[in-house]
Amino acid sequence: SKPKNAYLILGANEIKLSERRSDIYIYCRPDIADDHLLRITKKQISEIVEHQPYYPVYKAKMPGFTEIPCEIVGWCKASELEEVTSIPGQTFDNGTRFVIKSGRLHRTKDQWRELISRL
């Protein structure tokens, strides 16, 4: 999810279809730069457009790929997700979603230990 999102949101198929459902969901918020696709494909783009007259100027300005910071917010069991048609500020036009607010996720060291002990 995006860094400021407060909900883990899953499409209905991710829960209702047994072959897609997981027992546990871990909610992460990577802080991906808006130009991440450009960063990832910088080399491939170079090979395609290097003959263009102004390419050297643009190439110098193209950022390189860097590590992506990511917050691991917490985890929940599939049974803890709630089926809804909306969350504050967003209505789901194409059916329901399964959600949990980030503040309700398991996140303490003891809760992480509990999860790890299941593995």
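Buried means under 20% relative accessible area, exposed means over 50%, and partly exposed is what falls in between (1.4 Å probe, protein chains only). The model is a predicted one, so local features need pLDDT of at least 70 and side-chain atom pairs count only at pLDDT 80 or more, while totals for chains, interfaces and linings use all residues. Residues are numbered from 1 along each chain as its sequence is written, and side-chain values use heavy atoms, with hydrogens and water left out.

**View 1. The whole fold, for orientation.** The protein has five helices and seven strands, where helices (H or I, at least four residues) and strands (E, at least two) are DSSP runs numbered from the N terminus. Along the sequence the pattern reads β-α-β-α-α-α-β-β-β-β-β-α. Of the 119 residues, 23% are buried.

View 2. A disulfide is a covalent bond between the sulfur atoms of two cysteines. Here it is called when two cysteine sulfur atoms sit within 2.5 Å. By this rule the count is zero. For C28, the nearest cysteine sulfur is that of C70, 4.5 Å away, and that is too far for a bond. C70 is partly exposed because its relative accessible area is 44%; C28, at 26%, also counts as partly exposed.

**View 3. H106 and its neighbours.** H106 lies in the loop between strand 7 (97-101) and helix 5 (109-118). With a relative accessible area of 15%, H106 is buried. Its side chain makes a polar contact with the side chain of E80 at 2.8 Å. A polar contact here is a pair of N or O atoms within 3.5 Å; within protein, one must be able to donate a hydrogen and the other to accept it, and residues adjacent in sequence count only if both atoms are side-chain atoms. Leaving aside residues up to four places away in sequence, H106 touches G74, W75, C76, E80, Q111 and W112, with contact meaning heavy atoms within 4.5 Å.

**View 4. The loop between helix 4 and strand 3.** I68 sits in this loop, which runs between helix 4 (55-61) and strand 3 (70-77), and M62 is in the loop too. Buried or exposed, what is M62? At 11% relative accessibility, M62 counts as buried, whereas I68 is partly exposed at 40%. M62 and D35 are 27 residues apart in sequence and 9.2 Å apart in space, C-alpha to C-alpha.
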